[in-house]
Amino acid sequence: MLDRPTRPAPSIEDRETPATFTGHRGLDHEEPLLFEIGRLDASGVDIEEPAPFPPRLGGLERTEPIGLPGLTEPEAVRHYVRLSRRNYSIDAGLYPLGSCTMKHNPRLNEKLARLDGFADIHPLQPQSTAQGALALMEELSRWLLALTNMSAVALSPKAGAHGELCGLMAIKAAIRARGEEATRNVVLIPASAHGTNPASAALLGFSVRIVPAGEDGVVPAGAVEAALAPDVAAIMLTNPNTCGLFERDIVEIARLVREAGGYFYCDGANFNAIAGVARPGDFGVDAMHINLHKTFSTPHGGGGPGAGPVVFSERLAPYAPVPFLRRDGETLHLVEHTDGTESFGRMTAFHGQMGMFVRALAYILSHGADGLAQASRDAVLSANYVRASLRDTMTQPFGDRVCMHEVLFDDAWLRGTGVTTLDFAKAMIDEGYHPMTVYFPLVAHGAMLIEPTESESKASLDLFIATLRDLAASALAGDRDRFTQAPRLAPRRRLDETLAARKPVLRWSADRA
Amino acid sequence: MRYHPMSEADRKDMLGVIGVGSVAELYADAPARMLSIDGFDLPGGKTELETERLLGAMAARNTPASRAPFFLGAGAYRHHIPASVDHLVQRSEFLTSYTPYQPEIAQGTLQYLFEFQTQVAALTGMEVANASMYDGSTACAEAVLMAHRLTKRRKAVLSGGLHPHYAEVVRTVSRMAGEEVATLAPDVFAKEDLVAEIDDSVSCVVVQTPDFFGNLRDLSALADACRRHGALLIGVVTEVVSLGALTPLGAMGADIVAAEGQSLGNALNFGGPYVGLFATRQAHLRQMPGRLAGETVDADGRRAFVLTLSTREQHIRREKATSNICTNSGLCALAFTIHLTLLGERGLRRLARVNHANAVSLADRLARLANVEVLNATFFNEFTLRVRGDAARIVEEMAARGVLGGVPVSRLLPNAGLDDLLLVASAETNTDEDRAALAAALEGAH
């Protein structure tokens, strides 16, 4: 492990940066809002005015100004480049956000997604002219089904939460087909679940029943058994769970739920721990979404786009949404209408996130089965290495035990220091790191969930660990300023979030400026 | 493997620190009999060159719009995207960052979202907009759910001019959630009487302009009728370039606007990823779905931006959230906002005029053909043709002759008796030669 001696702490005054005339600080440029620098008559696009012609707009022409300032190309490039430099990114540094899987985004994937044959084709052009696109979707499906050992896949869901909705709608359709819709209206969800799980269930009119986890952080089969009743439609379980632990009783839980007439929805957000190593279908899962923007490296893009294909067991497969693929000899078809099927319907205008499918398949083919397994093992190894390197200092809510691809700490070790989880996270920013996921899952007090992923070298992990140890030592030694005043070195210091919520300003307006 | 930085020696050292003999021991909680890759009958990894060849071959089997006179629309439009847009969205700091949960080091994303929200509000004529939805169709379904929450009613009325897939998405969610939807018959000539459908049980009316068949609709009278009955008017736009030429929905009285923003900055991508726009009135703010970037100050009093009103959202409110949405379309919203910034007011208006001019020119040309009838009295850049025979077959025939000649209505409405209708869109990307090629292909089709 890298052993970096603690630097002498500079005094607060030394850390103050001098005021500048421009407000910029070296490479860190302040950038005004577009509306403060743009002009209504400026444009970065040359378009020739059409010759006069009789319009066919039926008197609905826009008469008032829209209020859209423009920039010429050099101004626009500078505006957005300067904005970009105020963001942290996985390309620039370790991004240990637990449950988010911020792994390297290969640039080959970007290149391939931009090929004309993928990017410049229309979702409704004749299918005879898009056989390559359908073949790509078929190949991606084949891999997703093999990696999960499931029967069918719905590619159209646009993100993880959309996938949850997809899985639950298939479950509801299956229950409806059994004539039990009126009586089966409860979904079991553990307290450690992502917020999307209860939100998705509620959106479809299910009520949520919380299943308690055991003292070891996993859901015991007994707790599920106790919660099961004839009103249970499904359980939504994340595996590995958001505490970074493999749900040890998963097979038994699946059996119990199935025997009680319910379905097993698995939140696949943490698939990166087991892809290529274990198959959810073997556990008894009925439906699971796969976040292509996590496990399969499609970029998060500052909050999307994602893609959340859902794999189904045989008993849910008939209810999968349209469109789906059907092969007829050499030809592939998209079935776009529900007539003559048991499909629950359509979830989105077209066929899903094709641009993400290309990237994900490029990632999968590059890895192959062995490479995917290696990625999962390295992710798990890295998380455990972080755990083992910090366990003497930081506390874990469920004791020191083997974790999967992410490790969960709580704030018990900070008690009495006056430093909170949030303070600790903000101090990481000054050290050049994006903080880990904080205050989630809710089952750990002051949670810090660290997911290093397989993309980090050992040297990178060592510096990260040494940094956290140095911060921990400071906190325990009473250097509160390093935390409560942090971040000092970022483009902004801590924000007044209360002000933002109390008097919401959600757009620029001329009268306020 | 080129993406894995750890060496075997590193792995061994790390196992030593952890205190286990093998990685397999780390999977001790998983059922042992299920831990094996024996069941994976899948190939090994490929080099960058091999991967490129394989996917390149798949891409080559498709006919891209760049290789054919191209006239498809129906909710996805091919516009010219300035080169700087794609360059900027590929900046590492935009492409490879997460949702801006740590605002001090995410001001780039937060500021462009704030600018995006301002642009969307201006474009739609609404007071506030969110930071994007997955696409127009899901934005539309979310708008209906929001209207139900606001009105405490459970019945939506969908116009027959609404994009059929949008209507299906709304119906799917509503059917599953036990809510009522009345869908009017396909309305080729924008003649339906939506006002007659509204009573005090109706939560919202969903109407699109330009509608699916290309007709432009004045929503003012409908907005009045909605207001009289305490229902909300949801306006849908699938071609946002039209907003450079047309009265905005807000000015016509819409309460919520759900739109597809793909036309600006985003390629066709065979249907996704796209970007849903969602705008409403200030009064309805707290029932909005999705993320919102808001202005505030930092500890030094400097202006800064932050995700706000998150008590509406699933990660705080869980089953009581206004939506389950988490990941949205951040990078597509960025492409949208950059393209719109490059256009500016002047550019967008001119782009809209060119689109309309090209469509008028195409409509006039096609109207002269003996076997084709232009059905629209009004349109922006897309209109409906009645052809002789089956439009789907004619489209296949044209494709075989190298022309991507439009979308047969039957592709989306298979059993509606509209097999002879063809939707044709013409953007700035079409040339006179393209239009001549389409006319010739249609004339020769039978």
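## A covered helix in chain A

A residue counts as buried if 20 or more other C-beta atoms lie within 10 Å of its own. Keep that cut-off in mind as you look at this predicted model, starting with helix 8 of chain A, which runs over residues 196-203. This helix is mostly covered: eight of its eight residues are buried.

Who is on that list? You can pick out A:Thr196, A:Asn197 and A:Pro198, then A:Ala199, A:Ser200 and A:Ala201, and finally A:Ala202 and A:Leu203. Just after helix 8 of chain A comes A:Gly205, and its phi is positive, at about 85°.

## Chain A as a whole

Now zoom out. Chain A is built with 16 helices and twelve strands. Its C-alpha trace spans about 75 × 75 × 45 Å along its principal axes.

## Chain B as a whole

Chain B has 13 helices and 13 strands, and its C-alpha trace spans about 80 × 55 × 45 Å along the principal axes. With 446 residues, a compact globule would come out near 22 Å in radius of gyration; chain B has 25 Å, which agrees.

Of the 446 residues in chain B, 63% count as buried. Among contacts in chain B with a separation of 6 or more, residues 24 or more positions apart make up 73%.

## Where the chains meet

How many residues does each chain put into the contact? Chain A brings 176 residues and chain B brings 168 residues. On the side of chain A that touches chain B, the largest share is 24 residues, and it comes from helix 12 of chain A. Sorted by class, that side of chain A has 95 nonpolar, 50 polar and 31 charged residues.

From helix 12 of chain A, A:Leu381, A:Asn384, A:Tyr385, A:Ala388 and A:Ser389 take part, and they meet B:Arg11, B:Met14, B:Val17 and B:Ile18 in helix 1 of chain B. By class, this contact has six nonpolar, two polar and one charged residues.

## A buried alanine in chain B

Next, find B:Ala141, which sits in helix 6 of chain B (residues 136-151). Is B:Ala141 buried or exposed? It has 30 other C-beta atoms within 10 Å, so B:Ala141 is buried.

Leaving aside residues up to four places away in sequence, B:Ala141 touches B:Val169, B:Val170 and B:Val173. For another pair to look at, take B:Ala141 and B:Asn266: they are 125 residues apart along the chain, and their C-alpha atoms are separated by 22 Å.

Most residues other than glycine have a negative phi, and most peptide bonds are trans. Here are some places where the backbone does something else.

Start with phi. A:Ser297 is not a glycine, yet its phi is positive, at about 70°. You'll find A:Ser297 in the loop between strand 6 (287-289) and strand 7 (310-312) of chain A. It has 27 C-beta neighbours inside 10 Å, so A:Ser297 counts as buried. Over in chain B, B:Arg318 also isn't a glycine and has a positive phi, near 50°. B:Arg318 lies in the loop between helix 9 (314-317) and helix 10 (330-367) of chain B. Its 22 C-beta neighbours inside 10 Å mean that B:Arg318 counts as buried.

Which residues are joined by a cis peptide bond, with omega about 0°? Those are A:Phe440 and A:Pro441, and A:Pro441 sits in the loop between strand 11 (437-438) and strand 12 (448-450) of chain A. In chain B, a cis peptide bond joins B:Thr209 and B:Pro210, with omega about -10°. The place to look for B:Pro210 is the loop between strand 4 (202-208) and helix 8 (220-229) of chain B.

Notes
Residues are numbered from 1 along each chain as its sequence is written. Chains are lettered from A and ligands numbered from 1 in the order in which they are written. This is a predicted model: local features need pLDDT of at least 70, side-chain atom pairs count only at pLDDT 80 or more; totals for chains, interfaces and linings use all residues. Helices (H or I, at least four residues) and strands (E, at least two) are DSSP runs, numbered from the N terminus. A residue is buried if 20 or more other C-beta atoms lie within 10 Å of its own, exposed if 12 or fewer, and partly exposed in between; C-beta atoms are placed from the backbone. Two residues are in contact if their C-beta atoms, placed from the backbone, lie within 7 Å. Ala, Val, Leu, Ile, Met, Phe, Trp, Tyr, Cys and Pro count as nonpolar, Asp, Glu, Lys and Arg as charged, and the others, Gly among them, as polar. The radius of gyration is taken over C-alpha atoms; the globule rule is 2.2 Å times the number of residues to the power 0.38.
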